[in-house]
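Let's walk through this fold together, starting with a sheet and ending with a single side chain. Please have the model open as you read.

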Amino acid sequence: MSQFMRTVPLATINGVASPGRATIDMPADRRYHCIMLEYRENGVLVTQANMELALTNISIRLDGTAQREFSAAQLNVMNALRGMAYQNGRLFIWFREPWHSRLEDQDRMAWSLQRNAQTFQIEVDIAAGRTNPTLTASAVVDNVVAPLIMRKTRRLNVPVTSTGVRTEANMHRSIGDYSMLHCFEATANDISAVKVYVDQVLAFDRTRLLNNAVLTARGFTPAAAVFHINFEEFGTPLLPLPMRRGDGGAVGELRFDFDMAAAASFNILAEYIGARD
């Protein structure tokens with residue numbers, strides 16, 4: 001088995017239809033660095049707008065359990081934040097993380113599945129009303145066997161009925177450590193500031209303007225209608241917001257205070273670092 005990185009086609013794709021759920025089955029005997037999805041309508045690579053209308057959900061699953069879920073639009077926001085612009089008709093799902101400054105941090109997050117999973121599958125939901133959709137895929141892989149420390153995602157809707165501080169204290173604390181949270185607003189600037197408390201210790205306190213300034217200074221590209229809470233802004237996945245105390249016990253409190261300039265509900269896509277589900 002080869003240790004060098006190579007690009008291979010992913011030929012087992014079923015159920016490509018509009019509307020429909022396409023499934024991509026992949027071998028679980030190698031390490032995955034990146035998966036590239038190529039989507040066309042009427043034989044033409046689609047624009048970003050049409051990609052985001054067409055692919056409404058992408059679920060990345062090990063042994064049938066979702067590890068990451070997001071829409072094409074949410075994936076484009078996460079990639080753009082890290083400096084990776086959209087390319088017509090193509091979505092890049094990163095496991096290896098080339099945006100980190102150290103090579104060992106980049107390689108650390110690749111998904112080494114040998115001995116760690118029996119099945120590996122991606123489900124892609126295609127919206128109704130798309131014309132002659134086609135989906136192809138390829139992956140960058142090698143056969144290095146390594147511990148499986150992974151980036152996972154979860155989604156949450158936060159209902160908001162008034163302006164002012166909206167406290168959310170029901171965020172997950174057992175999935176892993178928080179790497180980033182992307183708060184997708186109904187309209188840009190709905191959220192004016194955010195505070196995060198862990199066991200009553202203030203872990204994050206920024207206005208929208210300060211947060212975007214810090215992200216931009218660190219080389220990130222924040223989206224216009226997203227408040228990004230980034231615990232990786234210093235270029236390493238090793239400093240997430242921990243969900244365990246120094247003595248090994250789970251944290252007792254995790255609280256987010258969102259200062260709302262508008263009474264508009266929003267969605268959170270949270271990224272975690274931890275063991276597979």
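Two strands count as paired if DSSP finds at least two bridges between them. Strands (E, at least two residues) and helices (H or I, at least four) are DSSP runs, numbered from the N terminus. What you see is a predicted model, in which local features need pLDDT of at least 70, side-chain atom pairs count only at pLDDT 80 or more, and totals for chains, interfaces and linings use all residues. Residues are numbered from 1 along each chain as its sequence is written, and side-chain values use heavy atoms, with hydrogens and water left out.

Begin with the open sheet of four strands, whose order is β13-β18-β15-β16, with antiparallel pairing. At its edges stand β13 (164-168) and β16 (201-207); each has a single partner strand, so one side of each is left without a neighbour in the sheet. On average, neighbouring strands here are turned by 15° against each other, direction ignored.

Now look at β13 and its partner, β18 (residues 254-260): they run antiparallel and are joined by five bridges. Val 165, for instance, has Asp 259 in β18 as its bridge partner.

Helix α4 (residues 208-217) packs on this sheet, touching β15 (191-198) and β16; contact means heavy atoms within 4.5 Å. The direction of α4 makes about 90° with that of β16, where axes are lines fitted to C-alpha atoms, for helices over the stretch in contact, and angles run from 0 to 180 degrees between N-to-C directions.

Finally, turn to Phe 4, in the segment before β1 (6-9). Is Phe 4 buried or exposed? Its relative accessibility is 55%, so Phe 4 counts as exposed; buried means under 20% relative accessible area, exposed over 50%, and partly exposed in between (1.4 Å probe, protein chains only). Leaving aside neighbours within four places in sequence, Phe 4 is in contact with Val 141 and Asp 142.
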